[in-house]
Amino acid sequence: MSGIVAIFARDGSRAAPRAGFSAMMDALSHRGPDGSRWCAIGPLVVGHHHFETTPEELGESQPLQGDGGRFCVALDGRLDNRQELLNALGSDAPQGESESLSDAELLLAAYGKWGREGFGRLLGSFAFLLFDKANRELLLVRDPLGDRTLFYSMTKELFLVASEEAAILRHPAISGNLDEDRLARYFAVSELRDGSTFFAEVREVLPAHWISLSPRGVASHRYWEPHLTERIRYRDDREYGEHFRQLLGSAVDCRLRSTVPAAVQMSGGLDSTGLAALAAQSSAAPSHRSLKTFSWVFDELKSCDERVYMDSMVDRYGLTHHRVVGDRAWPLSQPESTSLNPNTPEDTAYRPLVEQLYGRARQEGARVLLTGMFGDHLFSGFEAWLTENLVSGRWYRAAGEVGWYLSHRRWRQLRPAVGYPLLRWKRFRRAWSGPRSPWLTPSAARARLTGGDWSPASGRPARQVQLRNVLGLLGAHGISAEAFYASRYGLELRHPYRDRRLIEFMLSIPADQLYRRGLLKWILRVGLKEDLPEIVRRRPGATSLWPLFQRGLQEKEKLRVREILSSEDRQWSRYVKEAWLQERWPSRSDTDPSALVTWLCLSFELWRSQLQGGNSNSYLERVAV
């Protein structure tokens, strides 16, 4: 995960002022374990922190110039369809060995041939800045899924760009004032507004968009969106499973391209064990050594332990398996000195557990870590299986499935499928699920209704929840937030379940491939039948870390939780009803919303405390709450 910083003089006629540039670069130093470089080109000064994770970029020096100095590019990311692009470029491809061509060089060649029309051809996780010196035009481009980020802020004279919000806030022209609407949405756990961040003066480039800035003005354009009208219909489960395995295998293969052998963060769940199985068999993996996997285990909290599933994988594939014991890594167990992500209060309650694993991966020499994160998103929308069967005329199949649930006395599992058509009408949705975010204060509830929600597509899909989960801003934001923490350990996270080709496929298949007879992820279970041990493939559900949450917040750190939530300068109560939380906390189960809301309040207060306690050379002291 490299880093980009730029200052652009908006009129295009003078050299960009460099005041604040060094401070902006310093804010992204964690992204540059392999060095940094900057250059000034007319109205632009641009810097690049380099993290070498693919063989082709070893020794590369960015920002990179091409076409005789006309173009300049700074890339954070990876192109996954290199050979496809090279074949399409043909004689326009750069001369020399294609195997040694860096992704930034390939990007320049693609832009030289297709211009902006070529952005939709690019597959992978990327965000880049491209400057056209002849036209004095600056382009900012973000990948279709938003897995890499670019943020910007405009003053009357300047256009500031960076890979993280914190870098922009280091510039003296930008305040750290928080965005009230974004905070309200944070506490409501709702969809995000177009381009918003937690900081009022900082915006983000939207996924699948480019932004152009030139003396002619500012323009934004969407260059890709999913094909929602396409439907894939095969004869049987086997054909669906084979196609799924082929796409997931390709997603794994292209993410194994690394300067050192890539590793896998493996739990005992279907998503990550599936990745480990395919990576262990991949021709893209080094054949002279076994695949490294990293997992957490529990000696005391037995219900959290997944050793039986992990061990079956180790035995089958001869994995080099590294375990970290997580019983003591409960929420808030990390030292006070641990630095939080300055860009967002959003964080997992299991941060100590995750960072313990990252530390072990770094000790073992890993630089790239494949994760099963966001695999669950692919299989959401399964509630539509009954409706889709009826609408498509497959009544016999629908009747057979309903009969199975009734004969096995699983009436409660039928409820989502029966109620799915009604949930498409707001009045039934309210009656079914109750009021949305009942914990919000009236002012917070009003604030989160302002502005427009981001739409992943212009059409109206049959399974809107699935579309939102795989292409919405919340998922993309979660990836960028976690990438910050991984980068501090010199790790780049890669997410095969976030592959665009796989996502387009999953949006097009019938819902009964997502869920069948009480089992989620049906197509994965069928497609990886020969790859997963039966004990893994047939496991009915996921393991919950709720006992670790309880141990931390309701036992070991109970006094600290009370101290944080009751502090005199607390701000969470502006957004959450104190009486509501006091009545429901501590939670009795992980399905009680008060558990999530309590963590949101704690995270916000800890983050706010860090922002206010920044050193004198930081923007943090200027944050207004």
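**Figure 1. The side chain of Asn343 reaches the backbone nitrogen of Glu165 at 3.3 Å.** The model shown is predicted. Asn343 also makes a side-chain polar contact with the side chain of Glu164, at 3.1 Å. Asn343 sits in the loop between strand E15 (320–325) and helix H9 (351–363). Its relative accessibility is 4%, so Asn343 counts as buried. Residues touching Asn343 include Ala166, Phe198, Phe199, Phe484 and Trp607.

**Figure 2. Glu56 and Arg257 form a salt bridge.** Their closest N and O atoms are 2.7 Å apart. The pair links distant parts of the chain, 201 residues apart. Glu56 is in the loop between strand E3 (44–49) and strand E4 (64–66). Arg257 is in the loop between helix H6 (237–255) and strand E13 (263–265). Glu56 is buried, at 16% relative accessibility. Arg257 is buried too, at 15%.

**Figure 3. Arg245 pairs with Asp531 in a salt bridge.** The N to O distance is 2.8 Å. Arg245 is partly exposed, at 30% relative accessible area. Asp531 is buried, at 4%.

**Figure 4. Glu583 and Arg584 meet through their side chains in a salt bridge.** Here the N to O distance is 3.8 Å. Glu583 is exposed, with 63% relative accessible area. Arg584 is partly exposed, with 30%.

**Figure 5. A network of salt bridges links several residues, among them Arg31, Asp76, Arg78 and Asp80.** Glu164 belongs to this network. Glu164 is also the polar-contact partner of Asn343. The model's salt bridge count comes to 52.

Technical notes: Residues are numbered from 1 along each chain as its sequence is written. This is a predicted model: local features need pLDDT of at least 70, side-chain atom pairs count only at pLDDT 80 or more; totals for chains, interfaces and linings use all residues. Side-chain values use heavy atoms; hydrogens and water are left out. Helices (H or I, at least four residues) and strands (E, at least two) are DSSP runs, numbered from the N terminus. Buried means under 20% relative accessible area, exposed over 50%, partly exposed in between (1.4 Å probe, protein chains only). A polar contact is a pair of N or O atoms within 3.5 Å; within protein, one must be able to donate a hydrogen and the other to accept it, and residues adjacent in sequence count only if both atoms are side-chain atoms. Contact means heavy atoms within 4.5 Å. A salt bridge is a side-chain nitrogen of Lys or Arg within 4 Å of a carboxyl oxygen of Asp or Glu. Lists of a residue's contacts leave out its neighbours within four places in sequence.
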